[in-house]
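Colleague: I have this one open for the first time. Could you walk me through how to read its features?

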Amino acid sequence: MLEEFQTIYRLRFRKSLYSEYNKTVDNISFQVEVADEFEAIEGILVAPDKLRVFIRRVSPHALVFGDYFEVAPALKVCPKAKFILASIPAKSLSADEGHWYQLKISLDTGDKKQLVLPVFSDFFYLQPSSTPSDPNDSIPSPKRRILCSNYREISFVDPLSRQPSTFVVKEDYGATIGSHVYDSSIVLGQYLYETIANQDHACQYCRVIELGAGCGLISIAAASILQRAHLPSSSTPQVFATDRKSQLPLLQWNVERNPSAVDVSCHELDWDNGKHVQQFVQFLGTTSVSPPPSTLILAADVLYDRDAAKSLHRLLLTLNQQLASVSNSSEGRDDRTNRIDTWLVYKNRSGLSHDEVLTKVGCWCTHGQQQQHSTPPSDIVENHPGLQLQSQLLVTAANVYIFQVRRIVRHTSPTNSSSG
């Protein structure tokens, strides 16, 4: 549950595995470390007996997976306990013929305040001897290291049923900035399940737009929530996952790996490319139904610098204006249901104060029903001239802040207005 999220770590492979192993001579060796979002953490792997290793057979092309069984590898803690070297004799695996396999590694630190995400390996092939039994087998050749992809199995818990919903996403470390799962997505995913997945809020939103979707975890989770929601018969749930062109292959792969009755469509959207923005806005217009659905816009961990915040503010203004115009022109408009909400999620990685976080993301906060401050504070205007966001803090966990945007305002400081 969200209140338990105080520190989030993840297991990851320090070096990638080989693509192929020979059962008669090889050991399946790997190095694993505990990391935060970016770097390995010292001291957590001091008790290697808490590291558990599982293996299963897979059919990668058909995405068919067998059951895991636990193995006991030889473990060695390396200096300063930054990583563990593990080795499994290939001959210990009961395989009389060649098979594809996948490893799963988990860690229980014994600290309930620490969430450590398990890691899955890429697929590798284990053959019984140096010569394949079938020359036509599609075995990787020559032996090589697999790309260092990590697979995450991430679960969010419905507070009513207490049942987890589990998703598998692929990460590519070192590829792009959006190629792995950040803490903001973990916190936001659980918050979605504790709010809009709640039966009392099931009909609150029918359309979700994610900006900067990255690996797609939030869009996938939103589709799962909408699939189970008690929506009006006239409503068609929609999820739109957007990101830059370089991110789309990984995003699309993860969406296809987690099928849902609610379609998740992936779209290229560069916030600074006016053509992209216009095309996406027009696309939203063509997919609108009557009456238009309530829309939730989500943006998790996309405010990494002031320029990004400026671009996001402009995009949010455009989307809100377009969606509002469609809603206002609808004959079936109902202000109770045709709402447009925006949630921004920011991870405080620098020990900033609450006010400094607000300045960073270009927001100023309201409390309770106080939603109409005349102007934003001067420091917000100075750091984000032009557009600012009047917001309300919904929740904070593991140094992750979730804001709901109440109003987008255009305000320029006297210094800026006199110069322009």
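Colleague: Let's take the second largest pocket. How many residues line the second largest pocket, and which lie nearest its centre?

Modeller: On a 1 Å grid over the protein atoms alone, a pocket is an open set of points where a 1.4 Å probe fits, with protein on both sides within 12 Å along at least five of seven lines, and lining residues have an atom within 4 Å of a point. Here 23 residues line the second largest pocket, and Gln114, Leu115, Val116, Leu117 and Pro118 lie nearest its centre. Strands E9 (99-107), E10 (114-117) and E13 (149-157) and helix H1 (183-194) each give two or more residues to that lining. Helices (H or I, at least four residues) and strands (E, at least two) are DSSP runs, numbered from the N terminus.

By the way, this is a predicted model: local features need pLDDT of at least 70, side-chain atom pairs count only at pLDDT 80 or more, and totals for chains, interfaces and linings use all residues. Residues are numbered from 1 along each chain as its sequence is written, and side-chain values use heavy atoms, with hydrogens and water left out.

Colleague: And which residues lie nearest the centre of the largest pocket?

Modeller: Ile177, Gly178, Asp301, Val302 and Tyr304, out of a lining of 39 residues. H5 gives the largest share of that lining, three residues.

Colleague: Now helices. Which residues of H4 are buried?

Modeller: An α-helix has 3.6 residues a turn, so residues three or four places apart point the same way. In H4 the buried ones are His276, Val277, Phe280, Val281, Leu284 and Thr287. They fall on the same side of H4 because they cover an arc of only 130° around the axis, taken from the directions from the helix axis to the C-beta atoms. Gly274, Lys275 and Thr286 are exposed on the other side of H4.

Colleague: What does a side-chain oxygen of Asn273 reach at the start of H4?

Modeller: The backbone nitrogen of Lys275, to within 3.0 Å.

Notes. Buried means under 20% relative accessible area, exposed over 50%, partly exposed in between (1.4 Å probe, protein chains only). A polar contact is a pair of N or O atoms within 3.5 Å; within protein, one must be able to donate a hydrogen and the other to accept it, and residues adjacent in sequence count only if both atoms are side-chain atoms.
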